[in-house]
Amino acid sequence: MINWVFDVDGVLSNVGVPAPEAFKDWFLNWSQGRTYYLISGGRREKTIYQVGTDIVAGAQAVYCCIGNSRWRADAETCVNQFELTDQELAWFQQQIDQSGCPEKTGWHLDFRNGSLNFSTVGRNANIEQRERYKQWEQQVQERQRLAAELTDRFPRFECYVGGDTSIDICLRGANKGQCVPLIRQQTPGAIYFFGDRCFAGGIDEPFAGSCTATGDRVYEVTGYQHTWAILESLSKIDYDCGN
């Protein structure tokens, strides 16, 4: 058996936007008779927004918030919860105040189940504001600096660059890699993982690294079109396991 595992943002959709209906329809047809999982940095609601209720409902399990919000059907299990200390909150506020990003739109800290998303431009930013931040940040590498400084100052955390405007934060060890043994226990078999940030420091790296170490397959993609092309190519191969 093959366990197909997909990150969502940047993999089954392009970053920050819903997948087109044509791809969602194709994916639902492709997934018939196959076992697949979804694993994302965001909440379940964001996953539904990007790929739709049918794809979410068809998954064997959906691991949200870097794997700390675990969904099977409509039942959620939350793990690795934490609260920020006053010192940690003060550090985040200092980074917001001192950031030279073009605009600051508010909603800088997004508290999730077992993870935290931080953005100096803020989650209230519209598409144009996000793009301006993205262009600026590519020059100054603010998010890489924030990630390094945060984990150096507060070693209980891990930090990953995700999406185009933010960093994702979790307790040390509470990353996407924790989902690998859960999948193996639930449905034994090979894992084929699709992620867009499998590089060192990327949010998909802990999961991808575990797969690489055990001989499973990892596909680093650039958007839903790339994922679509790979799945179509793989579908032409006659697997002995049938899926």
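# Exposure, sheet, cores and cysteines

Trainee: Is Gly-215 buried or exposed?
Mentor: Residues are numbered from 1 along each chain as its sequence is written, and side-chain values use heavy atoms, with hydrogens and water left out. Buried means under 20% relative accessible area, exposed over 50%, and partly exposed in between, for a 1.4 Å probe and protein chains only. At 63% relative accessibility, Gly-215 counts as exposed.

Trainee: Where does Gly-215 sit, and what is its phi?
Mentor: Helices (H or I, at least four residues) and strands (E, at least two) are DSSP runs numbered from the N terminus. On that numbering, Gly-215 lies in the loop between helix 8 and strand 11. Gly-215 follows helix 8 and has a positive phi, near 85°.

Trainee: Which strands stand at the edges of the sheet?
Mentor: Two strands pair if DSSP finds at least two bridges between them, and 7 strands form an open, mixed sheet in the order 5-4-3-2-1-10-11. Within the sheet, strand 1 and strand 10 pair in the parallel sense over 5 bridges, with Tyr-192 of strand 10 as the bridge partner of Trp-4. The edge strands each have a single partner strand, so one side of each is left without a neighbour in the sheet; they are strand 5 (75-78) and strand 11.

Trainee: At about what angle does helix 9 run to strand 10?
Mentor: Axes are lines fitted to C-alpha atoms, for helices over the stretch in contact, and angles run from 0 to 180 degrees between N-to-C directions. Helix 9 lies across strand 1, strand 10 and strand 11, and its angle to strand 10 is about 150°.

Trainee: Which residues touch the most other members of the largest nonpolar core?
Mentor: A nonpolar core is a set of buried Ala, Val, Leu, Ile, Met, Phe, Trp, Tyr and Cys residues joined through side-chain atoms within 4.5 Å. Leaving aside neighbours within four places in sequence, the contacts (heavy atoms within 4.5 Å) of Leu-38 include Phe-6, Ile-55 and Val-62. Of the 29 residues in this core, those touching the most other members are Trp-4, Phe-6, Phe-27, Leu-38 and Phe-194.

Trainee: How many disulfides does a search of the whole structure find?
Mentor: A disulfide is a pair of cysteine sulfur atoms within 2.5 Å. The sulfur of Cys-78 is 7.6 Å from the closest cysteine sulfur, in Cys-65, which is too far for a bond, and the sulfur of Cys-159 is likewise too far from its closest, in Cys-170, at 8.5 Å. For the whole structure, the number of disulfides found is 0.

Trainee: What is the phi of Cys-65?
Mentor: Cys-65 lies in the loop between strand 3 and strand 4 (69-72), where it counts as buried at 2% relative accessibility. Although Cys-65 is not a glycine, its phi is positive, at about 55°.

Trainee: Over which residues is the pLDDT below 50?
Mentor: The mean pLDDT of the protein is 95, and 97% of its residues reach 70 or more. Where pLDDT is low, the predicted coordinates should not be read in detail. One stretch, with 6 contacts in the model beyond near neighbours in sequence, has pLDDT below 50: residues 238-242.

Note on methods: This is a predicted model: local features need pLDDT of at least 70, side-chain atom pairs count only at pLDDT 80 or more; totals for chains, interfaces and linings use all residues. pLDDT is the predictor's confidence in each residue, from 0 to 100.
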